[in-house]
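Dear colleague,

Please find below the structure that I am handing over to you. My notes on what was found in it follow directly after.

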2 protein chains.
Amino acid sequence: MRVEVILSPGEVEHHDLAGRVCVIIDVFRFTTTVLTALEAGLERFYPVEEVEEAFRLKQANPTLLLAGERNALKVPGFDFGNSPLEHAGKSYSGGGLVFTTTNGTRAVRAAQGAGEVVLACLRSAPAVAAYLRERGRDVVLLPAGLEGKFSLEDTWCAGCLASLLPAEEYGDGAKAALLVYEHTPREELAHSAHGRRLQALGLWEDLRFCLEYGVSPGVVVWDKDTGWGALARER
Amino acid sequence: MRVEVILSPGEVEHHDLAGRVCVIIDVFRFTTTVLTALEAGLERFYPVEEVEEAFRLKQANPTLLLAGERNALKVPGFDFGNSPLEHAGKSYSGGGLVFTTTNGTRAVRAAQGAGEVVLACLRSAPAVAAYLRERGRDVVLLPAGLEGKFSLEDTWCAGCLASLLPAEEYGDGAKAALLVYEHTPREELAHSAHGRRLQALGLWEDLRFCLEYGVSPGVVVWDKDTGWGALARER
């Protein structure tokens, strides 16, 4: 198994994803929130890049729920923002969630050329690693970053996943991510550029929740053909 | 002084360079070769993105020399490739060098919005750090990367420079580069993706030369207004 980490979202176009599993990581907060919403019972999610597209989808199918943020704030008229706490402890009976965020949903769409697309966060990292080990394919980890820029917490999570995989070969990006993981205490991630932005908005509980490690068995898989994602079923 | 490292060349557009010193790093081999050519007596260099532009400039001014590579190989019809060994130990009496490479010259042009643009390599890293300390401005370090992708050796050099600067604040990218620098032995850089490519071409002496640390007092500065670069004079 070859493991690479794409350290910056703008690099995706320079990497060959064909036949590989691409893992999207947006710890603060998209991939954490999607996992939490699906574990609370929503059946599936649909990432879109633009707010207008979300409203159009809801117009065509009013049962859909809309979630998303712009600059960390809930989009006006949406059912949810991008906080996992809106879903934690809830119990939905199915339903579809259309999701748009500044960084994460774009990264999912950018991975369209991969053989398979998986979402990961700190809460699900060991479960995702187990899933990837079972698949046995080459893995490309894609930290979603912050507005096109490198993100410390997403790269930390990528390095963590890389460390849990039986890699015969790590790419240069994976080597750097492993160093970030090995030498940065997890608590320090709350003070990354993105972490400080959430702190400034008073979102301490979101930070705490997103930084919990390995507490979820859920693996979120996105089907690029239908555009819908859901929890992986049988493993 | 604030110090940031842009880990991937595609990220430049998302960073604000205005008023800052942007340091271009292309250890294998552009910034090493430019430094070596200027120290051998060439007066100035002019980075261009396209081979055709280099030929046009020479047609207008036949005294110009052309240097450059595509995929690590010398461009046919050029005076030089991109090896520092073509200039090491030479003694030129002035002259202008037009330069085009796959990664480095693009990075220089991408830094056009910065307050000042400096070139660095391992050979000149301590000298460049001293220059930056004197300037006292915020610094953005830009590893040129390999075909749009993260590069271990350029990031290592950026982390090394970051460690030599009196930063009050390191950005997330700088923190990662510092870890790469602190935990990767310099010899290992010969086995980076780019290093292995040069090995495959038998360019062991180039690798050895490019990986020599701190042996040069030269600081190369690029003037974005004229498009020409030269060794910094008085310091």
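**Contacts between the chains**

Between chain A and chain B, 9 residue pairs are in polar contact, both residues of each pair having a pLDDT of 80 or more. Please bear in mind that this is a predicted model. On the side of chain A that touches chain B, the elements that give two or more residues are α6 (172-183) and α7 (193-200) of chain A. The largest share of that side comes from α6(A), with 7 residues.

The two chains also have 2 salt bridges between them. The side chains of A:Glu169 and B:Arg196 meet in a salt bridge, with an N to O distance of 3.9 Å.

As for the extent of the interface, 23 residues of chain A are in contact with 23 residues of chain B. The area buried between the two chains is about 2,000 Å², and carbon and sulfur atoms give 59% of it. In chain A, the residues that lose the most area to chain B are A:Phe150, A:Asp172 and A:Leu179, which together account for 27% of what that side buries.

**Nonpolar cores**

The largest nonpolar core has 89 residues, and those that touch the most other members are A:Val23, A:Leu141, B:Val23 and B:Leu141. A second, separate core of 30 residues includes A:Phe99, A:Val108, A:Cys121 and A:Ala144.

Leaving aside residues up to four places away in sequence, B:Val23 touches B:Val118, B:Ala120, B:Val128, B:Leu132, B:Val139, B:Val140, B:Leu141, B:Leu142 and B:Leu161.

In chain A, A:Leu132 belongs to helix α4 (residues 125-135). A:Leu132 counts as buried because its relative accessible area is 0%, where the cut-off for buried is under 20%. With residues up to four places away in sequence not counted, A:Leu132 touches A:Met1, A:Val21, A:Val23, A:Val139 and A:Leu165. A:His183 lies 51 residues from A:Leu132 in sequence, and the two are 24 Å apart in space, C-alpha to C-alpha.

A:Val48 is located in the loop between β3 (44-47) and α2 (51-60) of chain A. A:Val48 is likewise buried, with a relative accessible area of 0%. Not counting residues up to four places away in sequence, A:Val48 touches A:Glu53, A:Ala54, A:Leu57, A:Val98, A:Phe99, A:Thr100 and A:Thr105. A:Val48 and A:Leu211 are 163 residues apart along the chain, and their C-alpha atoms are separated by 25 Å.

In chain B, the loop between β5 and β6 holds B:Asn82. B:Asn82 is buried, with a relative accessible area of 4%. Among the residues that B:Asn82 touches, not counting those up to four places away in sequence, are B:Arg29, B:Phe30, B:Thr33, B:Gly68, B:Glu69, B:Phe99 and B:Thr101.

**Strand pairing in chain B**

Strand β4 (residues 65-70) of chain B runs parallel to strand β6 (residues 96-100) of chain B, and 4 bridges join them. Within this pair, B:Leu65 has B:Leu97 in β6(B) as its bridge partner.

β4(B) is also joined by 2 bridges to strand β5 (residues 73-74) of chain B, and these two strands run antiparallel. Here the bridge partner of B:Glu69 is B:Lys74 in β5(B). β4(B) and β5(B) form a hairpin with 2 residues between them, and B:Asn71 in the turn has a positive phi of about 55°.

With kind regards

Terms used: Residues are numbered from 1 along each chain as its sequence is written. Chains are lettered from A and ligands numbered from 1 in the order in which they are written. This is a predicted model: local features need pLDDT of at least 70, side-chain atom pairs count only at pLDDT 80 or more; totals for chains, interfaces and linings use all residues. Side-chain values use heavy atoms; hydrogens and water are left out. A nonpolar core is a set of buried Ala, Val, Leu, Ile, Met, Phe, Trp, Tyr and Cys residues joined through side-chain atoms within 4.5 Å. Buried means under 20% relative accessible area, exposed over 50%, partly exposed in between (1.4 Å probe, protein chains only). Contact means heavy atoms within 4.5 Å. Two strands pair if DSSP finds at least two bridges between them. Buried area is the accessible area (1.4 Å probe) that two parts lose on being put together, summed over both. A salt bridge is a side-chain nitrogen of Lys or Arg within 4 Å of a carboxyl oxygen of Asp or Glu. A polar contact is a pair of N or O atoms within 3.5 Å; within protein, one must be able to donate a hydrogen and the other to accept it, and residues adjacent in sequence count only if both atoms are side-chain atoms.
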